[in-house]
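Please read them with the coordinates open.

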Amino acid sequence: MEVSEEAAIIIDNVKFRPVVGKARAKKGGEEALRTYVGNDVLNADIALNNLRTPFDSSIVTRLDVQEQILDHIFTNLRIDSDRITNPIVMTEVLCNPSYCRQQMSELLFECYGAPSVCYGVDALFSYYFNKKRLPLEGRDGLIIASGNLATHHLLIADDKLDGSAVKRIPLGGGRATDFLQQVLQLKYPYEKTLFATPRVEQMKEQHCYVALDYLEELRLFHYDRDFTNRQMRT
């Protein structure tokens, strides 16, 4: 997919799996050290100690890793010029420090030559976009934004974010992966090497789901053997 010069490039830096890993792969009959980015890490089955992320608690602090991720994104968009001619829209964590935003801007402007950059919170982008599309009444709302490391509750009052009412819960997709990994390693203590983080995350995405009625499903798991067998097979 090629990108026209008029279109903006949207980089969802919160939802994209921001990891970089290296592993040996055969290329032209010879083994070479190859860099894997994002979801490609799952297929490469790279060990946890070989993975790097630009984030520290949802804040970008390692710009060298972020640069590798951006290179991967622009390469997949088939942008092979010396500079980026498209404006860039990048999401960021709520209350992102100004220093981190300044470093990201320097990377985009100086390294890639981006003409312009816009930052924003993905949940607010989604709220205002859907508010125009859907027949929603009123000027107040509640946004529950779940990310990799945390979930935020955002209160909208009179079509504006009420910063004093923002609540952060340290529970997200990454925490769920860590919990599943701990459970599997405790259940199979002699097979810990099989449950590397990329593989456990793949298991979570393929076999786990959100229970709409947790207590009811817990009761079924305890007393309904047919229900348990069906869930185990899937």
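1. Asp159 is found in the loop between strand S10 (151-157) and strand S11 (160-161), where helices (H or I, at least four residues) and strands (E, at least two) are DSSP runs numbered from the N terminus. The phi of Asp159 is near 65 degrees, a positive value in a residue other than glycine.

2. On provenance, this is a predicted model, in which local features need pLDDT of at least 70 and side-chain atom pairs count only at pLDDT 80 or more, while totals for chains, interfaces and linings use all residues. Residues are numbered from 1 along each chain as its sequence is written, and side-chain values use heavy atoms, with hydrogens and water left out.

3. For the overall picture, the protein has eight helices and 12 strands, and buried residues make up 35% of its 234 residues; buried means under 20% relative accessible area, exposed over 50%, and partly exposed in between (1.4 Å probe, protein chains only). The protein exposes about 15700 Å², of which carbon and sulfur atoms supply 53%, with accessible areas taken from the Shrake-Rupley method with a 1.4 Å probe, and with only the protein chains shown counting as cover for residues. Among contacts (heavy atoms within 4.5 Å) with a separation of 6 or more, 53% are between residues 24 or more positions apart.

4. Thr91 has Gly120 as its bridge partner in S8. Between S7 and S8 the chain passes through helix H3 (residues 98-111), and this β-α-β crossover is right-handed, a term that applies if, with the strands pointing away from the viewer, the path from the first strand over the helix to the second runs clockwise.

5. Helix H2 (residues 63-76) has 14 residues and reaches 20 Å from its first C-alpha to its last, close to the expected 20 Å, the expected span being 1.5 Å times one less than the number of residues. Its buried residues are Val65, Gln66, Ile69, Leu70, Ile73 and Phe74. An α-helix has 3.6 residues a turn, so residues three or four places apart point the same way. Just after H2, Arg78 takes a positive phi of about 60 degrees.

6. H3 also has 14 residues, and it reaches 19 Å between its first and last C-alpha atoms, close to the 20 Å expected. Cys100, Gln103, Met104, Ser105, Leu107 and Leu108 are the buried residues of H3, and they pack against strand S6 (59-60), H2, S7 and S8. Just after H3, Gly113 takes a positive phi of about 65 degrees.

7. Which residues touch the most other members of the largest nonpolar core? Of its 22 residues, they are Ile9, Ile11, Leu70, Phe74, Ile88 and Leu108, a nonpolar core being a set of buried Ala, Val, Leu, Ile, Met, Phe, Trp, Tyr and Cys residues joined through side-chain atoms within 4.5 Å. Strand S1 (9-11), H2, S7 and H3 each supply at least two residues of this core, and H2 gives the most, with five. A second, separate core of nine residues includes Leu94, Ala123, Ile143 and Ala145.

8. Cys95 lies in the loop between S7 and H3 and has a positive phi of about 60 degrees although it is not a glycine; at 73% relative accessibility, Cys95 counts as exposed. Ala114, in the loop between H3 and S8, is instead buried, with a relative accessible area of 6%. Not counting residues up to four places away in sequence, Ala114 touches Ile84, Ile88, Leu108 and Phe109, and its C-alpha atom is separated by 6.4 Å from that of Pro87, 27 residues apart along the chain.

Note on methods: Two strands pair if DSSP finds at least two bridges between them.
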